[in-house]
Amino acid sequence: MNVVRPYGDTTGDGRVQVSFTLPVPFGTETERALAEGAALQLAQKMGLEPAMVVHAKGMGPAFTFFIVYGRVSHLVDLSAVVVTEREFPELSAAEINLRIRSALGRKLVVVGACIGTDAHTVGIDAILNVKGHAGEKGLEYYREIRVVNMGSQVSVPDLVARAAAEHADAVLVSQVVTQRDAHITNTKEMAAAFAAGFGPARPLLVVGGPRFDPAATADLGVDRIFGKGTTPRDVASFLVHALAPGDPEAEEVA
Amino acid sequence: MTGKLNLDPALVRQARELAREAAEPVVELTRTHTTVSVERAVLRLAGLDGADEDGMPWVNRVVDAVRDSTGLEHGVALPAWDAMATGNYPDLHTLARDAAKGKVQFRIPAGDDRVRARGSAGRSVLAGISRIDAQRAVRDRMLAEVGDPAKPWIYLIVATGDIYEDIPQAQAAAREGADIIAVIRSTGQSLLDYVPEGATREGYAGTYATQENFRLMRAALDETSRELGRYVRLTNYASGLCMPEIAALAGLERLDMMLNDCMYGIIFRDINPVRTFIDQRFSRQVHARAGIIINTGEDNYLTTADAVDAAHTVVVSQLLNEYFGLEAGLQDWQLGLGHAFEINPAVPDSFMLELAHAQLVRELFPDAPLKYMPPTKHMTGNVFAGFLLDAFFNLCGVMTDQSIILVGMMTEGIHTPFLADRDLALENVRYVRAAAGKLGESFVPAPDGFVAQRARQVLGESIDLLTRIGKQGMLNAIADGTFGVTKRPAHGGRGLDGVVERADGYWNPAISIFSGGSGGSSPRDDSTVLEGSE
């Protein structure tokens, strides 16, 4: 067993910092004492022992904000941590184009959209637009990828129909809005519609958004989930890995 | 204000002239076309509110019925008020009920019938515009009595989806220091081709813009303004497919600022360019009349494009927004041109680049209440680093005399702000304002130093781009992906089917009144030719 504790300034000191708000007033002396006591009680229940309220500030007549430092007694067992490892290598743009040309002999077709009521195209645009994101050009930049960006608030039936009409190899869906778990229900609905419309020959389904659990592919019925910080090259590398498999030996060399 | 950047006045004049040349053909398009939403706005100004049992507003029912029956080429006013007279309808609501059932046969009236329809339509619309005038007078009175906060105005957002949750949050934000409350709209609303009705409690990542929600929030903030001794301004969004109608509702319910960009819907919501330009002109005519400050959306370009490479596209868009705004009747004090602090903090000299851009915009538009947006793109999950970046944003804002400062949240991109996030963000603003609020007067960049040179470079690139747009045509430039790197062809996008070319006898009482006419309410005023061209 490989066990660690949080590190403040000494190995094993278990020191952490948390901040939170309680719906209690911070006006009179009695109120202040009660508020700080309440914060300490919460800290203790969270496993901080001893805990110290280093900052408390009233916000309006009914709320108080706290910053608390304390020591946790919990141990972290590194051998019990589950990691989803990236199942594909990160390729350069030239490698991606080459792989598509040699494996498919034609352009790889990607249809992208924001589905449901979500009008936040920032995510899908960052992946698809030639401008890209975080210094990496978007999928439009790849010579061997043909991109159809349907934009925002696309209905699932429209997306399925367009994917069929364009002979899409992959469908990319971005979901930013997460109120009432809209991103989950929308994605499941989309996956079900593709399963119904295409059967096993459906295009590769890829979803992205800041609030998805990347391990939930089976639950959502999609092939890959990308989270915050994904670059277009991550997506392109995955598409090539899944759709244009190359010689594994050659991959090593590359 | 004397310039700190040594901008060549001849170059600034040239940039404005190029913007005019690029924009004028588009303005001409707005003079020769109308849209379903412009026509619905006319009916809203005439007092037609409410919706049928399916929640579809009566204005949509009437405009659809007129369109099916005689077309909208002459506008909705002539056939609607003609039908009122010939069918002896007591009011628009009764007409709307019958029109929705297909029981009204509309026609384009001629001769005396036309004069009669113009007279009654003009009077009805003038009554609505008089209500807007009265609301403007109420605002002026409150500003005088309660007090107008000093600039920069602190702009905070609420967005719960439920107007009855928004109200206490907005009041709390005002008490914590917000001078402007913006109620973010439900994310689906920009693509709805109707305005929802009534007080709403369900929305996605925001609250629906409805007339009743506007009224409720303004009333609550009036109360808070009196309590605090400063007038708290209310902001919403005149954008999307119903831009003209929402502008009219904003005027009627005394909203104070409206997000209202000439190109935002095209670039970011894939709304048809022609539809957008026509709608934005009418909405700006309403805003001009209502004394509403518009906020333009240039900050958004920098969320998809690089903030250094694309700095000149912001300036170009501001110059275009300025031209379109002034052309529609807005005054400089109503042009809340937008820009943002979005340069990657890893870029060397990033803060000096931000200072150069912000000071350039300040000097190009000395009388505009500039709206400065905080970092979003380079806010990471490191809230501590984000808090620092927000402080630099606030510092840049006070040093370059920005007028409206949107409060940056250290949890940007993580979740909608917690109560404490907002409180900390305001503490950040207050500290910077108190510590460096007067630094602007001592901030004079070296004449040929980094900041001044960068500002002149961006102005030069702006002139180059405007020259290209002028040659290419503005619609082609948009189709080409010039702004926000998104390509939007003139015949693509949503809402094109709601665009109608005006016939020779087109008549719109609201536009006539905004342009200084009587709206046809004077029987002898038959300046058909002049008003027909509007």
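Modeller: Begin at a chain end of that helix: just after α7(B), B:Gly177 takes a positive phi of about 130°. This is a predicted model: local features need pLDDT of at least 70, side-chain atom pairs count only at pLDDT 80 or more, and totals for chains, interfaces and linings use all residues. Residues are numbered from 1 along each chain as its sequence is written, chains are lettered from A and ligands numbered from 1 in the order in which they are written, and side-chain values use heavy atoms, leaving out hydrogens and water. Helices (H or I, at least four residues) and strands (E, at least two) are DSSP runs, numbered from the N terminus.

Now the helix itself. α7(B) covers residues 163-175, which makes 13 residues. At 1.5 Å a residue they should span 18 Å, and the end C-alpha atoms are 18 Å apart, which agrees.

Which residues of α7(B) are buried? They are B:Ile163, B:Asp166, B:Ile167, B:Ala170, B:Gln171, B:Ala173 and B:Ala174. These buried residues fall within an arc of 160° seen down the axis of α7(B), so they line one face of the helix. (Buried means under 20% relative accessible area, exposed over 50%, partly exposed in between, with a 1.4 Å probe and protein chains only. An α-helix has 3.6 residues a turn, so residues three or four places apart point the same way.

What does the buried set pack against? Its partners are β2 (153-158), β3 (180-183), α8 (211-228) and α16 (419-436), in chain B.

Take α8(B). It lies across β2, β3 and β4 (233-237) of chain B, at about 160° to β4(B). (Axes are lines fitted to C-alpha atoms, for helices over the stretch in contact, and angles run from 0 to 180 degrees between N-to-C directions.) Those strands belong to an open sheet of nine, in the order β7-β6-β5-β4-β3-β2-β10-β9-β8 (chain B), with parallel pairing.

Now take α16(B). This helix reaches chain A: α16(B) lies across β2, β3 and β4 of chain A, running at about 60° to β3(A). The three strands form an open antiparallel sheet in the order β2-β4-β3 (chain A). The edges are β2 (15-22) and β3 (48-59) of chain A, each pairing on one side only. From one strand to the next, the twist averages 20°. Helix α1 (residues 29-45) of chain A also packs on this sheet, touching β2, β3 and β4 of chain A, and its direction makes about 140° with that of β3(A). β2(A) and β4 (residues 63-72) of chain A are antiparallel over eight bridges. One facing pair is A:Val18 and A:Val68.

α13(B), residues 311-327, has 17 residues and reaches 25 Å from first C-alpha to last, close to the 24 Å expected at 1.5 Å a residue. Of those 17 residues, 15 are buried, so α13(B) is largely enclosed by the rest of the structure. B:Gly329 follows α13(B), and its phi is positive, near 110°. Recall the glycine after α7(B): B:Gly177 has a positive phi too.

How values were computed
Expected span 1.5 Å × (residues − 1). Arc of directions from axis to C-beta. Contact = heavy atoms within 4.5 Å. Pairing = 2+ DSSP bridges.
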